[in-house]
Amino acid sequence: MPYKFARDRENYELYAGGGVLYSAPGHAAFPVRLAHEIFGRCMAYWEAGQPARRCTLYDPCGGGAYHLATLAYFNWDRIARIVASDIDAEMLALGARNLSLLSLDGLDRRIEELADMAARFGKESHAAALAHAHTLRVRLAALTQDHAIETRWFRADATDKNAIVAGLDGTQADIVITDIPYGQRSTWHPATLALSAAEDPVPQLLDALLPGLSPGAVVAVAAPKRTQIQHERYRRLGKFTLGKRQTVFLQPSE
Ligand SMILES: C[S@@+](CC[C@H](N)C(=O)[O-])C[C@H]1O[C@@H](n2cnc3c(N)ncnc32)[C@H](O)[C@@H]1O
């Protein structure tokens, strides 16, 4: 059993893409349990070097922010802020809609949409999604009594340091979890700066992140096993492999 933090099989059905959470055809959502495990490992590394506080979580290839939204529901008390960016405007719009589900207003809008679809089409899947949305609303109402999670998103090429610095606008990320494009259903966008400079995007992404990281920040990069994930200005904290996917945990070395 490779899981250390996501040991129990929780009811992930509530969070299935295309149910309450928005999804886009052809875009596979990151597995919820794996995201939960990666976040748990990041927090363990991060908290080993810091007094306890809530983190700012960032993904520079955030896509539909599906994993970020589900992580929030599972780890609400550990997260102060979620920031997502992506080069693709459509993915960013999808991400914004999923992050809106972390506020009661946003979830109420989703409930109205699902109620409307259930009434118009009479499909079982819409009725099930509506029931799940009501369950999530009860959960969210309790969670937001304690604190709200601030959410932000911006459009940027993850390999363009200036664009990332400008988009973060002084916000420092404590935890970065990113599922980089891996070549099957998701590829590096043709406008990626690293590609036009004939550079490997991974070191360029790690370089672009450096100014936006808080001291002691932890960066987790999920990628296919064969991908080289290293950078001279980061030290490697560990690696977690599941199936064909590896996740490498790094920390800036200075
Ligand atoms: C594997 S998907 C991430 C999916 C996300 N984890 C989710 O759960 O929705 C990779 C994302 O990287 C984005 N991407 C591709 N090239 C990029 C670049 N140069 N900068 C930022 N994002 C990029 C794609 O638009 C895609 O949304």
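This is a predicted model: local features need pLDDT of at least 70, side-chain atom pairs count only at pLDDT 80 or more; totals for chains, interfaces and linings use all residues.
Local features need pLDDT of at least 70 and side-chain atom pairs count only at pLDDT 80 or more, while totals for chains, interfaces and linings use all residues. Residues are numbered from 1 along each chain as its sequence is written.

Start with the ligand. There are 22 residues around it, and C61, G63, G64, A158 and T192 come nearest (near means a C-beta atom, placed from the backbone, within 6 Å). Here's the shell by class:

| Class | Residues in the shell |
|---|---|
| Nonpolar (Ala, Val, Leu, Ile, Met, Phe, Trp, Tyr, Cys, Pro) | 11 |
| Polar (the others, Gly among them) | 7 |
| Charged (Asp, Glu, Lys, Arg) | 4 |

On to the largest nonpolar core, which has 70 residues. A core here is a set of buried Ala, Val, Leu, Ile, Met, Phe, Trp, Tyr and Cys residues joined through C-beta atoms within 7 Å; buried means 20 or more other C-beta atoms within 10 Å of a residue's own, exposed 12 or fewer. Among the members touching the most others are C42, A69 and I175. Leaving out residues up to four places away in sequence, A69 touches L21, N98, L99, L101 and L102 (contact: C-beta atoms within 7 Å).

Now α4, residues 104–121 (helices are DSSP runs of H or I, at least four residues, numbered from the N terminus). Its buried residues are L107, R110 and L114. Just after α4, G122 takes a positive phi of about 60 degrees.

Notes: Two residues are in contact if their C-beta atoms, placed from the backbone, lie within 7 Å. Helices (H or I, at least four residues) and strands (E, at least two) are DSSP runs, numbered from the N terminus. The expected span of a helix is 1.5 Å times one less than its number of residues.
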